[in-house]
Amino acid sequence: MRLPVPSDIARGLTGFRDVVQARGSSSSEPVNTAEAMAGQWGNPTDISTILMIIGGDVVQKALAQGTGLWYFTPVCFSFGWVSYAFIALVNIIGDGRLLPPPDYPAKVLNLRSGYVRENRNWVVGRLLRDLETRVARKDRLDGDNSALRITIYDALQNRSGGLTQFRWTPNHFVALVIIAAQFGLAVGPIVLYGEWDIMMIIAVGTFLAQMAGSLPQWRAEKLPNRQNRTEVYALTQGNGSREVVVIFGKGECLDLKGLAALTNPRGGKIWEKFTGDNVLTAPQINQGAKGLESPTQPDPELRKLRKFYGLPLGFWLTRVVVTVQSILWLLLLVNVSTPRENNWFLLGIGAIGMFQNGISAGSERDPKHRNLPIRKVDTIRSQKVMDGFMDFEVAYGLGKPLLHEFFPGDLQNDEKE
């Protein structure tokens, strides 16, 4: 074996230097930042991250706000659907719920029995938030009588057509307009460039969004099993709050105390409200004196839950749909990442959908759109919290449960009197 001589080493180093210089000269051309930014703004690249990954929590709240009608949900194709699909998948595998956790603190008090329940349902928290906002907009809590305000309502007859039904709201009409605008934008690439992929993406995305909103579990979680309650409910944020909402049931009110408990969807209780559905539940057959089945006139109020492997059929439907959707949204994300010359159309479609979902997720809703129509009958304002509860006790005789919530300690002698 011949050892390298200095001349061989020198020739090797010279060749290596030439290769490095050649590669450097081909890849070290100065980058024009202005031209790069102009190119990105002219046709944005890598929009899959922008379009589909962010905003999953916004989509979840928009669905929680707008679901109820099985044939149409006011949610649009927008940023965040891939993220939401996997959030829903994790939730269904975990606690089994579609509704997000409550984002507004609330307690539900039964003023007749004195029972207090910490709210765990997103709908009840939003109901209190919207009622407090409505009252504060019309009558600011300032001046002398600013320590406490008790707003009193009577529940009215629900005209939605049934316990598991919801009404059309302004958000439904706005969503229709936004969806039409999105499809209108998708026509542009077809006319200008002859490219149909964006139309396919918006069509599939809108279909998947509507499929997610049509699941019966949304209605099961958002409504209690009973709505003809005669109890008197008080909604408040608790000790330290200056707002109390009181609702007299009058035989028309939703079971707010039961709704606040947030029953597990894996159990059968929340599915029993689907009295007119022959898929999720079936009428029980009346039993005779000796336990024999009566072949005629089943009781429509007694429902037998349909199950599969020990779980409600409605919950299985949610599991299957959520799993399939997570796969389909991932596949759609691959199509979104396809290089194209008209990405601004896709960004515009996703942007207006994102704003619609954001506005829908945060907007107020009339209580009647939550199947709880009410009428304001009285307002009690006071300089001191104790004075307000005294006035409410004198007028309605139901102030003691509120007193125990806001004043858990000992009372002074004049307050007891």
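This note goes through the predicted model point by point.

1. **Basis.** This is a predicted model: local features need pLDDT of at least 70, side-chain atom pairs count only at pLDDT 80 or more, and totals for chains, interfaces and linings use all residues. Residues are numbered from 1 along each chain as its sequence is written, and side-chain values use heavy atoms, with hydrogens and water left out.

2. **Overall make-up.** The protein chain has 15 helices and ten strands. Both are DSSP runs numbered from the N terminus (helices H or I, at least four residues; strands E, at least two). Of the 417 residues, 45% are buried. Buried means under 20% relative accessible area, exposed over 50%, and partly exposed in between (1.4 Å probe, protein chains only).

3. **Contacts.** Residues 24 or more positions apart account for 77% of them.

4. **Cores.** The largest nonpolar core holds 66 residues. Such a core is a set of buried Ala, Val, Leu, Ile, Met, Phe, Trp, Tyr and Cys residues joined through side-chain atoms within 4.5 Å. Trp81, Leu235, Ile247 and Leu256 have the most contacts inside the largest core. A second, separate core of 18 residues includes Val232, Val246, Phe389 and Phe406.

5. **Leu235.** Neighbours within four places in sequence are left aside here. Among the contacts of Leu235 are Lys107, Val124, Leu128, Val245, Ile247 and Leu256.

6. **Helix H13.** This helix covers residues 385–396. The expected span is 1.5 Å times one less than the number of residues. Met386, Gly388, Phe389 and Phe392 are its buried residues. They fall within an arc of 160° seen down the axis, so they line one face of H13. The arc is that of the directions from the helix axis to the C-beta atoms. On the other side, Val394 and Ala395 are exposed. Just after H13, Gly397 takes a positive phi of about 70°.

7. **Positive phi outside glycine.** Lys250 has a phi of about 55° and sits in the loop between strand E5 (243–248) and helix H10 (256–261). Lys250 is exposed, at 56% relative accessible area. Asn371 has a phi near 65° and lies in the loop between helix H12 (343–362) and strand E10 (374–382). Asn371 is buried, at 2% relative accessibility.

How values were computed
Contact means heavy atoms within 4.5 Å.
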